[in-house]
Structures are given as structure tokens and as C-alpha cells.
Amino acid sequence: MPAVAAASMDESGGATSSENGHYTPQNLPGVYQLPRSLGEMQTPSMVCIAWGSGNKLRLSFLQHSVPAARSNTGTEGAERGNGNGASQSGGGAAVIEIELGGRAALGLDAVEDAEKRRIAYGSLPAFALLQNKRKMLQQAKEFSGMLPDDWWEHVLEYSYNISNLLAPTSTTSMGLQLDKKSRKEKQEQTLLRAVWELTEIFFVDKHVTSWIPEKLVDWLTVYDRALARTEPTVQTKLVALQHKLPNIQFPEDDADYWEGACSALAVGWLDIVIKFLRMHGSYRLDQIDNRQAWEKWRSQVAKLDNSMFWSECNHHGTLLGLKKLLQILLGNVDALITATCHWIELLVAHFLYIVPFSMVAGEILSIARKCKQLKHVSGNENLRELLLAIISNDTEIVLAECSQLFGPWMMAHVVELLTAKSTHAQALLLEERSALGSISLEELHRVIYAQVLSSHHLTWQLSPTYLASCPKQGCGLLENVLLKQPVSGNSRLFLKVLDISRLYDLGVVGTALSRVVGIHNWKHGRRGTGIMWLQQARDDLRLAAIANQLADSVTTFRTDDIESFQHLEGLLDLLDSEVRSAQGLSFLHRYRDFKNSLHEIREYRSSDLCNPKVTVAGRHAADCLLQLLKPGASPLRFWLSILHDSVDLLEWPQQVLLNEVETTTLMTYLQELKLAEARGDVEAVNALSSEQAKQQLDRVRLALALNLGRAILQS
Amino acid sequence: MEKLAALEATASSTAWNYCGERLAVGTGEGAIQVWEKERGGGGSSFSCIHKWQAYNGPVVKIIWGSPEYGDVVASSSTDGNISLWEEIEENDQSTWRKCTQFEEPHTAALDFQFGNCLTGLKLVVAWADGRVKVYDMLDTLDLKQWQLQADFLNDIVVDGKSERRSYSAASIAWRPPVSSIQQPIFALAYRSNSLLHNVAKVWEFLDAYQRWSPVAELRAPGEEGDSVNSLSWATNIGRPYELIAVGSSCAVLIWHLEFSQIAGEKPIARRVARLTEHNGEVWQVEWDMSGMTLASYGSDGVVRLWQANIDGVWQQQAIVKSAKD
């Protein structure tokens, strides 16, 4: 699997950029080398492993057995100057993060992260569109699951879209006007595009079957320079000549001139051959710019070989050079081998001049292999194998080498090309395998790529599209990706995650995260927001617990603390909308009304002692109190608070607010409370245990006795 | 490769929270620190935002609880007790307070892990006397109130010689939640002086009997003597089997555990890999978020990464080592 293996890191943490650096042979593990600063640290007594999102491996290097005083002299200390955590002695323990396979995720070591993201974002719509088409076509075929015969045309469109995303090509250059400034980045992308388009030719496009040589010539025109990255090609040769020729007066005297012309002819770049011949002092005829019917072509060339021209030609260099060109046209194997550099060039020359492709279609593998042997150089064997495998339609090798060379992005996307028309590839890639946990290779590569995407906060949101096309493990991994998002402190991110979970029918994830955010807000003082999100999560358990907590806090509010009381009121209103079932909620509302009316009384009194509204408000408060004291209306643990709050009403100065019967009711409650305490009722014991409670109790008793006396007298 | 934080040299234990945005660090001097990603700048360096003195002795282990209960951390020290801490807002400032402490006379906690089941938050503790205790949170909002839900012995005493058995370490791994639902199932292994009992067991709370029962043993014939240092249970993203990794005294072991669809039938355990590249003790094993990659750390000082190839054969894919090796 490619996700972690194919990267080699140097000391500074960057990927090794040497030619062979990231092409780790499959049987050897990749090596991530720690930065030297860590290497010089005293050998850690323990390393703690943890995983972040995606492929992020986090390692803590600890040396807790080493006393602080012996802390080393490392300069990596990174003291943050906040004085409350960073080591004052420098060095010490450290936490590092390695993004496994991160740099090799696209197989483009030199490509900037931003460029990789551009490709990742750009390829998503094409992928999604193709998946949608597949879905629709499969549904149209009444669940037979079979794709129509013209499916490859959809894949071809997808392939064009993807290919356009990769490094832009300059088809007009004919390989000669090489941009000197083209950086390694471009080269790598171009190589990726070269492989992509070659795969498209051999695996997707059914129309090109009869003119593959022409396609190959075109392909070489554009991508020969990409091949030149790892080994010499005709293009390298021509570029060298391009600089040399303008400075020579008589090019036809130079052997390189003729060699260049031969090479260009061998790989079928006729435009370039013409350019070469035009440089010749005596060039007149334009007779080799059209490929003609094979036999006619051959006989014409043979005729040319025997023509009188040769005896008339008195320039020795031209004579030899033209003879060489003729040998190429005649398909002289040795001449072709000499003229070409890369084995694909030789293969193209073979199809152009030795045996036409239509006659050898079945033997393409053996011819390609032979070309590869003849042109054996010590270059990038993976790439050579990959090109050979593409040309010979060898899906297994294409998969293996692509994964080595290009990593997860390529694997997730190239599978579509491979399965476009080849039934063998379809069987290989779409079959569910028990060794993979009952998923197909196709799904595996999508899952791997999605995990790579989820490693980064700028790309994780692309992963759902890929996971949605994974029937077995997509949902499970998507849940994990979403649940690992840092939603609690980031409301924008949270809303986005909620949207995604709705879009993909992952209600449980939305609920779980709403709960996380709800509780986070509740515990961090944003109680209203907390309640709202818990309601979204339909978390009755936590909402009931909150209602309980609020009920407890009601008793501790002073009636003049209007601000917090209003806050509480707001919270109760919030709770009321959905949690009618929560125990004690109606009590809370009654108690709130009671507290409100007491507050009103104080307000009136503070402005004007003789305000007639005071008495009305007093009577209203008494009514609220009696509502609270109906059987079962109030939990026992609040009785004392209620009774204590009623002292103001009992000691009403102007008149008796609570009559004899009402006062007796209050007294009954007091008695019940004491009895409950005597019985060992936990709520009652708790309510009466504090010193403050005892004082309140005495105060209530006194007020009750006084009011009862007044009430009896009045009646 | 990026350095996220430079910790004090005395840092003795670290743990990341659910989303990897916060790091809890226990130090050898008994302090607990919470580190957080520095805001702004786009970088990923962390700085210490909270620090408090939790113990007199060093912090031995620290873990995070499920975020559905807030920012919760449990820690243990050399005194063997477990303390529970939570972050709350006080006077417009977030602060950490101690909620409760789990302690047992004459014994110490060897390992502890939170499970977030439908019935609420659970804490499983493997005590050094061989007893496993499961604590339930009573009120979903109040981390101060816990009750003992279960208390059982990991090893069934058949020979009456249990008093001579001693336990030096333990490892617990809950079965990770699927669709946000965590089943009351965990794997547990003690490291003891009795070779026969160094085996990882899978415990499940059976509703029918209302008790925890051992439903599987991760025991391969001929390897009974290998003690277990670490367990890790992979998140099941859709495999027909569970993946459990065991870091033993001599190898990384990977087990498949297949739960039956038929109620009451015990799961079938099958060992699929025994990887000995560490050439010695394997101290820690840890699965990534998909269960596709396993990381292990051993006495050779190297972190190794393992993946199954397309034939299902587990292979070493990469190693992390210091420059001087």
C-alpha cells in the first residue's frame, strides 16, 4: 500500500530529492529519519505513539527518568516565553508530527503543497461527475449493475478533464522549444500526465486501436521530454543540436546534423525532419511529409534507393546522411536502434518503419520487451516497467508501478481508466476480496486517498465525495473523519460538518457532534448555546440534567439579582420549547413567577412605600406561592427556599396577606419537611443540613407563628 | 516532519484529545499541562495554556475522556490513585478543577480507559491486585458523581494460589464506537508473574446476565509465556471482523475477532500476524483512524509502521528512526 511507504525523509524533515529517493523498492520499508536535533537528544526513555487525523503520526519523545537538572544542551528548545510550560532549559522532551506518505501522496515530491491541492480540488468534480453517471446508468439498467458498451466514452471525457488539470503541455513545441526555466515541478507533473495519457490511449480509447502508432508519435512529441527526466531521449539529442546548429554555416558537413535528422525521422517527427532538411544548402524537394500506404511507401523508397540521384550527388556528407535517412525509411533495424534513444522511441520507429501496428497487435508485448532490452540503460526501472505494462495492457503491473511512482491520488483516479473497457481489469479491481476486509481494490484505493485528504485541514472536505463511492468502508471512515474535526471551538467548521453529515445521511454523527458542542458551550459559560445544541442532538438525558441543575440554581438567586435571573429565565424559555417531559419544569416556571412577583414588590417599595400597586403585587405573589404549594407541585428539596422566600409575604406590614388556612398550609409543609428529615430522606437532610438552613428555618417558624396570630385576630 | 511542541525535560506522559488539537502532558514533578495549537499564523506549533500541580510524585499516565462530557482528563500518579479533572468556565476564564478521585486501599491503578456507552461514561480500571473495576458516571453533567458498576477478577482463581500472583502492568482497549455507539466491550491484559495468566481477554457486558463476562481470549498455542505490554483495538470502518493489535514481550501480534450475528454466541479470535522485527519488547501499539496502518514502538528504539498487503499479509512498511542510527 502506498500511503505510508514511499517516502524517505532527510534530516531536516524534507523528502529526499535524489533520483532514487522516493522510488523505494517494494520489499524495503521506507525510512523516516528524525531531525538531527532529536537524534542528538538523550536517548528517549519512552516514545508515545498517537495518531492524528488521516495519516498524521504524532510521536512524543519522553525522558522522564532523567532529572530536569540533567537536561541536555540542545538548542531546539523553542522557549515560548510564556513562562508557564515551555522548558526553561531547552531541549527536553518533544512532540513531532509526521505526515505519512504526505509528500508522496501525489507521487510528486517536488510539487508544492498548493499545487497538489489544486490538483486535488480540480480532479474532484470530474470524479464526482463520472460516479454520478455510473450510478444513473446502472439504475437505468434496472439494477443489473452492467455498464453500457459506450461507457468508455464517459471515462474518456473524465480522462480529458483530469489530464487538462495536470501540467499544461505545449503541443506546438514539437519537442524543440524547450522552456529552459521549466522547473522540476513541471517535469514531475508532466511525467504524471504522460503516464495518464498513455494509459488513456491503451486502456480507454476504443477508437484509437487502429492508429495507435500515430497516437504514440503524438504522445512522444509532447512527452519525450518528460521521459528525458530519467534517461536520454531523442528530444534531449535534438535540444542539444538546436543550440549547436544555428552556429554552423554548413550543417550538412556535420555528422550530428544527419544523426539528428535520422532520429527525428525514426520517431516520426516529420515536421522536424523537414526543418532539418531545410537547413541543408541544396534542399529542394518535399517528398517525405506524408505517410502513405505501406507498400507504396516502401516501393517508392526502394526506388529512391536505386535512383540515379546517388551518382549525381557530389557532396559526400549529404550522400551518407541521405543514405542513413533512407535506411530508416526502409526499416533497417540497426539504423533505427542507432537513431533512437529511449525504448519507446524505438518501439514507435518499429511500428512506423518495420511492421505496421495492425499486423502485430497481438505481439506488441514481445516487441516492446525486445525494444526495452535493446535500449537497456540504468535509469528508472519502475517507470520503464510501468510504460511497458501500459503498452501491453498488464493491469497488475500498472497498478503496482503506479502506486510506487505516483501514490494515492493516481491510484484513486487511474482505476477508472483501467476498468473502462478491460474485462480483466474489471474483474481484478472490482472483485471483493476477503483479504482486504471484503472490499475491492477500487474501494481500497479510494479509501486510502480519502485518508490522505483527511490529513489536512484544507483538503479533508474533499474526502466525503470519494468515500461516498466506497460502498463498504466509506461510511465508516467518513464518520471517523467527521468525528475527528475540532468542532468544539470552531462554529463555522461545526456547521460545515453538520451540513456534510446531513448530506451523507450520517445523522448519528451530527447528533454526536451537536452533543460535543452543546456540552462544550454549557461547560464554558455559554449556556444558551449549549442548550440549543443539546436540543439539536435531542439529548433528553443531558437536557433533563440541565433542567435539574437550573432548578438548583433558582434557589440560590437573590431576588434583586435581576440580571442573572433574567438569564435564567431565558434559559428556561429555551428549555421549555422541547423538553416538556423534563421533570420539574412546570415547577421552575411557577417558581420563576413567584420570584418575579417578589421582585416586583421590591421595585414598587423602593420607589414609593404607599404605592397601591404593592398590595396587588403582594396578593399576586401569595397566589403564586399557593400554586407552588399544591400537592406534588414542588420537589421537596425546594420547600425550605420557598418558605423562606415567603417570609416577606408573611410579614406584610399593611395587612394580612395570607389567611389562617393558607398559613396552616405553609406550616404543614414545614412539618412535612422536618418529618422527612427525621425519616432520613436524603433530599430533606441535604436541604436542612447547613447552618444557613437552620437559621432560615427559625426565621420561617417565627414568621409563620406571627402571621398565624395576626390572621386569627383578623378573622 | 514537524516539531509541534518542545516539552519540559521531565514530561512523563502525553495524550491527545479527540481531534488532536489539545495535548495533555503529565510531568515527573507531578504537574499537568494542557497544550493547545497556537491561534493564527497558520502554523501547527502548540503552547502550554494551562498548568497545575496535581501530585507530589510524577504523573504516570494521563488520558482524555469522551468530548461528549466536556474537556475531561484522568491521570494517575505513583500513589496509585486516579484523579479526574475537567475544564470549566469560572469568572470568564477557563480553568481546570478536580472532580473526583478513584482509589483503592493497598493497591494501585495499572491502567484505566474511558468508554462512552449508551448508558453513559464508564471508566474501566485495572488495579494491581488483579481486580478490574468499572465505574459509571451517575449524572451526565456532573463528573463528581460516580458509582461502582462492576468489580471482577481478570483471572479466575482455580488453584487458590492467587495471593502469590502479582501484577506489574496492565493494558485496556475499548472496542471503538461504530456509528457513534460504543458497545460495552473491551480487551484487557495483565502482565503478571504467572505466565499462564499473561493473556489478553475480551470482556463484554452481557445484558442477559447483567454482568461482565470474558468472551474471547487472544491466546495462541505455544506463546502463553509472552506477556502483554499494550493493546490497541482498531476502529471498524466496515470490515466483517475486528482488528486487535497486541504489543507483547517479543512481537507485534495482530488478531481478527469475528463477532457472531447470533446472540449468545462467542466471538472467534484468529491471530493473523506475528511480527518480530523489534527484536524484543514491544512497548506500544496504536492503530490509525481507519485500522489500515499500525504503529509500534519497541525496545529497539524504533517506531515501525505496518500494513497488510493486498493478500492480507501484514508487512513492515516504514520505520521512524533517529539520524544517528
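Two residues are taken to be in contact if their C-beta atoms, placed from the backbone, lie within 7 Å. Among contacts in chain A between residues at least 6 apart in sequence, 62% join residues at least 24 apart. The model is a predicted one, in which local features need pLDDT of at least 70 and side-chain atom pairs count only at pLDDT 80 or more, while totals for chains, interfaces and linings use all residues. Residues are numbered from 1 along each chain as its sequence is written, and chains are lettered from A and ligands numbered from 1 in the order in which they are written.

Of the 715 residues in chain A, 43% are buried; a residue is called buried if 20 or more other C-beta atoms lie within 10 Å of its own, exposed if 12 or fewer, and partly exposed in between, with C-beta atoms placed from the backbone.

Helix α9 (residues 270-279) of chain A gives a clear view of this burial, with A:I272, A:V273, A:F276 and A:L277 buried. Seen down the axis of α9(A), these buried residues fall within an arc of 140°, so they line one face of the helix; the arc is that of the directions from the helix axis to the C-beta atoms. An α-helix has 3.6 residues a turn, so residues three or four places apart point the same way. The cover over the buried residues of α9(A) includes α7 (234-244) and α8 (255-266) of chain A.

Elsewhere in chain A, A:E416 sits in helix α19 (residues 408-418). A:E416 is buried, with 22 other C-beta atoms within 10 Å. Apart from its neighbours within four places in sequence, A:E416 is in contact with A:L130, A:V155 and A:Y158.

Chain B has 0 helices and 25 strands. The radius of gyration of chain B is 20 Å, close to the 20 Å that the globule rule gives for 325 residues, so chain B is as compact as a globular protein of that length. Here the radius of gyration is taken over C-alpha atoms, and the globule rule is 2.2 Å times the number of residues to the power 0.38. The C-alpha atoms of chain B fill a box of roughly 55 × 50 × 40 Å along the principal axes, and 50% of the 325 residues are buried.

Strand β2 (residues 11-16) of chain B runs antiparallel to β3(B), joined by 5 bridges; two strands count as paired if DSSP finds at least two bridges between them. B:A11 stands opposite B:T27 in this pairing. The hairpin of β2(B) and β3(B) has 5 residues between the strands, and B:G20 there takes a positive phi near 75°. On to strand β4 (residues 31-37) of chain B, β3(B) again pairs in the antiparallel sense, over 5 bridges, and B:L23 has B:W35 as its bridge partner. This second hairpin has 3 residues between the strands, with B:G30 at a positive phi near 90°.

Further along, 5 of the 7 residues of strand β16 (residues 200-206) of chain B are buried, so β16(B) is largely enclosed by the rest of the structure. Antiparallel pairing joins β16(B) to strand β15 (residues 185-192) of chain B over 4 bridges and to strand β17 (residues 211-218) of chain B over 7 bridges.

The two chains also meet. In chain B, 71 residues are in contact with 88 residues of chain A. Strand β25 (residues 314-321) of chain B supplies the largest share of its side, 6 residues. That side divides into 30 nonpolar, 26 polar and 15 charged residues, with Ala, Val, Leu, Ile, Met, Phe, Trp, Tyr, Cys and Pro counted as nonpolar, Asp, Glu, Lys and Arg as charged, and the others, Gly among them, as polar. Strand pairing crosses between the chains as well: strand β4 (residues 94-99) of chain A and strand β1 (residues 2-6) of chain B are antiparallel over 4 bridges, and A:A94 has B:A6 as its bridge partner.

Terms used: Helices (H or I, at least four residues) and strands (E, at least two) are DSSP runs, numbered from the N terminus.
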